[in-house]
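The questions after it are meant to be read with the coordinates open.

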Protein chains: 2
Amino acid sequence: MNIPRYKQIQEDLKKRIQKGDYKVGDYLPSEHELCSAFTITRTTARKALEELQKEGFIIRQHGKGSQVRERRDSLGLLTVKGFSEAVAQQVETEFLRRPELTSWDFDLSFKPTAREMKTQCLYFSRLRYIDHQPVMVEDNWLAVEKVPGFEKQEFVEGSFFKTLSQRYLIEIIGSEQELRAIAASEKVAGLLQVKKGAPVLHITVKYLTSIPGYYIYSQLFCQTDQFPIGNSFFVQ
Amino acid sequence: MNIPRYKQIQEDLKKRIQKGDYKVGDYLPSEHELCSAFTITRTTARKALEELQKEGFIIRQHGKGSQVRERRDSLGLLTVKGFSEAVAQQVETEFLRRPELTSWDFDLSFKPTAREMKTQCLYFSRLRYIDHQPVMVEDNWLAVEKVPGFEKQEFVEGSFFKTLSQRYLIEIIGSEQELRAIAASEKVAGLLQVKKGAPVLHITVKYLTSIPGYYIYSQLFCQTDQFPIGNSFFVQ
DNA sequence: TAGTGGTCTAGACCACTGG
DNA sequence: CAGTGGTCTAGACCACTAG
């Protein structure tokens, strides 16, 4: 198997939670029980449970066990999961600009590297809807260097990140984000169907990829009245 | 020692990075080198390095090593670190309301539990400055049940979380957050020295503590013009 | 190829939780 | 008290990176 054992067990447990075999408040099998059930050692069992904790499915407590947690379903945007995976509700996407080659002329707090500037910039822009209501404008910039032909094809399952992963073997390994509350410009206000000058959330993102020195830059304008941006976080 | 070995090594390496012994771009000693240097096994060395990665100090790459990362110094607020620890710049704090006993009457998307409602509510409010400029209004609510006498004492080193930890042995183990862009009310605008109606970032937080069912509720109003809220995040 | 981190085994002792 | 997770040892094999 190429997929690590802990990952298999992690996904197995996750599916059982999602199917309802383990409900909110239930305890998963203890580390020792997982060891005998899957014929693994505690290191592997712990890794699977720690990952589930990171993802917010369970809370682990010393002396007690791993308890299934209630998950809030506002946009879990501040993770690198991407929009489509993060939202449970009905999501639609409309391209404002399909992927096209441009020059590097975006104005974010993050700046492209000199190396990236040497190649052309691939740009696309999308408008995202939840329950048929526009909630987010998204602009994306990346160096075309590592994604040749990107502009000539459809997205894998409508997902940008899935396309990167499956067609170019590029994985997202992290992100840096900056958040600001700003007044909506006329253009953004029109797209999000709010008044010009209304407060919107502006998020600039620099995604780190599995290719060193190769980044993806994004900006989001979010209408947070009905759908606040959510985030949950665990330590230990 | 009560402090785990991996934690000691993590802090040791962190201090060396902060002192400049390891600069941005440098590689930390490999896992094997740490093993012999500290007389530990790889499990322990890995744990220390993984924690440093979580905190954003290093990037670990298979086949290469642990490289010191540039840390952006906007407010790393979306972690549970708390304000004083997260910001490098000069920070001042002014109490708008010192800790006092009140009834539960806050109106956040998070609701106190029935158990919490049975005891009185401890409330305090602070205004935070960076470089003598007001940037954040912070309101906090928690059940007085687990923090008797809180209102009668000073904070440990000015830090709310340190006070909880050292005086009441309560640790923060996670948080859930919701972010919205809103128009500043007259009161908030006055405190943050912006115009009434100006966009401000509103963050509501439910902190999970080491006491099951015991939470801390906060709301923040942030003026993000000069100091955007920052966040960095890593997977794997 | 040598060196790195990723995964895993098979144990051990400890601290915490609850009855 | 029994059961849980937290920490740690002492190995092993593998996949990835770079010269």
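This is a predicted model: local features need pLDDT of at least 70, side-chain atom pairs count only at pLDDT 80 or more; totals for chains, interfaces and linings use all residues.

Residues are numbered from 1 along each chain as its sequence is written, chains are lettered from A and ligands numbered from 1 in the order in which they are written, and side-chain values use heavy atoms, with hydrogens and water left out.

Q: Which element gives the most to the surface near DNA strand C?
A: Helices (H or I, at least four residues) and strands (E, at least two) are DSSP runs, numbered from the N terminus. With three residues, the element that gives the most to this surface is H3(A).

Q: How far does a polar side-chain atom of Thr41(A) lie from a phosphate oxygen of DNA strand C, and what is the distance?
A: Tyr6(A) also places a polar side-chain atom by a phosphate oxygen of DNA strand C, at 3.1 Å. For Thr41(A), the distance is 2.7 Å.

Q: Is Glu31(A) buried or exposed?
A: Glu31(A) lies in helix H2 (residues 31-38) of chain A, and it is among the residues closest to DNA strand D. Buried means under 20% relative accessible area, exposed over 50%, and partly exposed in between, with a 1.4 Å probe and protein chains only. Because its relative accessible area is 14%, Glu31(A) is buried.

Q: Which side chain does a polar contact of 2.8 Å join to that of Glu31(A)?
A: A polar contact is a pair of N or O atoms within 3.5 Å; within protein, one must be able to donate a hydrogen and the other to accept it, and residues adjacent in sequence count only if both atoms are side-chain atoms. The partner of Glu31(A) is Arg42(A).

Q: Which residues have the most contacts inside the largest nonpolar core?
A: A nonpolar core is a set of buried Ala, Val, Leu, Ile, Met, Phe, Trp, Tyr and Cys residues joined through side-chain atoms within 4.5 Å. The largest has 80 residues, and those with the most contacts inside it are Leu164(A) and Leu164(B).

Key: A residue is near a molecule or strand if one of its heavy atoms lies within 4 Å of it.
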